[in-house]
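These are my notebook entries on one structure.

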Amino acid sequence: MDLEKILNKKELTKEDLIYLIKLKDKEEINKLYKKAYKVKEKNVAKKVYYRGIIEFSNICTKDCYYCGIRKSNTNVHRFNMEEKEILESAKWCYDNRYGSLVLQSGERMDEENTEYVEQLLRKIKKISNNKLGITLSLGEQSKETFEKWFKAGAHRYLLRIETTKEKLYNEIHPQDHSFQNRVRCLKDLKEVGYQVGTGVMIGLPNQTEEDLVNDIMRFKEWDIDMIGMGPYVIHTETPMGKIAVNTKEEKNRRFELGLKMIALARLYLKDINIASTTALQALNPIGRELGLKAGANILMPVITHKNYRKDYQLYEDKPCIDDDADECKSCLLNRVKTVGDEIMYDQWGDSPHWEKRIK
Ligand code: 5AD
């Protein structure tokens, strides 16, 4: 097969995607990234939108085998940011013209939490004159909860499926975690009216390149609006982290697969928003820049208060844990400059795919 021919096709087949994800030659891989960047330019422009992320609590009822803040990890100091601090961070986000923010935390489904988030959403809307866009990343919830939060002002929701292969999903989660429930949530979120984002971890033990291609194809089938995906990075205090291979070669492999997945998602889904995730930077000092160059158009600068960052480590080597929001801002500005994209301030940066979907 001829690489140029595949890259110039209007519609890629599964075989094409598999061919691309298996590319070995560095020059050919660079051609893939370059093409994906062109498709990004054509469909979503050379523009980067920011979502300031506030990781406001690491208290979690789930026990995912890969995640550093799983409930069984007793070495984590658990925290809840105070409401006042969350609102200060939101205000910082608004004042610094980030346009939108993400609220993320460990997963809690209790009523107290539902109500807390609901009133928090209203307060954030209020302090930003209704201007800040709000994305939630708060795990699996009932449809009623999704509705409540939507009414209170959230308009986007991120819920990674982690892998679309149910068998693999069951290998990386305890038995009481349900793949089907997560699929149900993604469906409910769409019905409620959210822009829906999902994604997978890349380079999981037992995950094949074909599995990853299937993930991308499933995203299209599900007609999703946004993708946040990144390489799996080990955390030694987790069951998976204790047994996963973590050589330099393996980390490089996961990193390269992460970039290839961004490129494939851009080529195959075209007009969706794709985040260049922080996990990329955990494995490579310029990981996020390379993500933008491979087709991503969203960055999620961490604006979590400095005091809490070290306690919100889902994986090891998470960058920026000693920085505050101002430092992250100037650091990212320089990073985006090296790519040549334009940072779009004061805008929600909705997924063009979603705009077409609701017409
Ligand atoms: N490596 C990479 N990503 C991880 N996440 C959790 N733990 C890890 C890890 N060890 C991701 C999951 C989750 C998101 C919030 O963080 O995909 O959905």
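Is C60 buried or exposed? I found that C60 is buried, with a relative accessible area of 15%. I kept in mind that the model is a predicted one.

**Entry 1: cysteines**

I looked for disulfides and counted 0 in the structure. C60 takes part in none, and the cysteine sulfur nearest to it, that of C64, lies 6.4 Å away. I then looked up C64, which is in no disulfide either; its nearest cysteine sulfur belongs to C67, at 6.1 Å. C64 is buried, and I noted a relative accessible area of 11%.

**Entry 2: a loop residue**

Where does D346 sit? I placed D346 in the loop that runs between β11 (342–344) and α16 (352–358). I noted D346 as partly exposed, because its relative accessible area of 46% falls between the cut-offs of 20% and 50%. I also checked what D346 touches beyond its neighbours within four places in sequence, and the contacts are R97, Y98 and G99. The C-alpha atoms of D346 and G99 are 4.0 Å apart, although 247 residues separate the two along the chain.

**Entry 3: helices α3 and α11**

To describe two packed helices, one gives the angle and the distance between their axes. For α3 (residues 26–44) and α11 (residues 248–269), I read that the axes come within 8 Å and cross at roughly 40 degrees. That angle makes α3 oblique to α11. The crossing of these two helices is left-handed. On the α3 side the contact includes I29, L32, Y33 and V39, and on the α11 side it includes L259, A263, L264 and L267. Sorted by class, this contact of α3 with α11 has 10 nonpolar residues, 6 charged ones and no polar ones.

**Entry 4: helices α2 and α9**

At what angle do the axes of α2 and α9 cross? I found roughly 130 degrees for α2 (residues 14–21) and α9 (residues 209–221), with the axes coming within 9 Å. I wrote down α2 as oblique to α9. The crossing of α2 with α9 is right-handed. From α2 the contact is made by K14, L17, I18 and I21, and from α9 by E209, E210, L212, V213, N214 and M217. By class I listed 6 nonpolar, 1 polar and 3 charged residues in the contact of α2 with α9.

Definitions and conventions. Residues numbered from 1 in each chain as written. Predicted model: local features only at pLDDT ≥ 70, side-chain atom pairs only at ≥ 80, totals over all residues. Heavy atoms only, no water. Axes fitted to C-alpha atoms, helices over the stretch in contact; angles between N-to-C directions. Helix = DSSP H or I, 4+ residues; strand = E, 2+ residues; numbered from the N terminus. Parallel < 35°, antiparallel > 145°, perpendicular 65-115°, else oblique. Left-handed = near helix turned anticlockwise from the far one by under 90°. Contact = heavy atoms within 4.5 Å. Nonpolar A, V, L, I, M, F, W, Y, C, P; charged D, E, K, R; others polar. Disulfide = S-S within 2.5 Å. Buried < 20%, exposed > 50% of the residue type's maximum accessible area, 1.4 Å probe, protein only.
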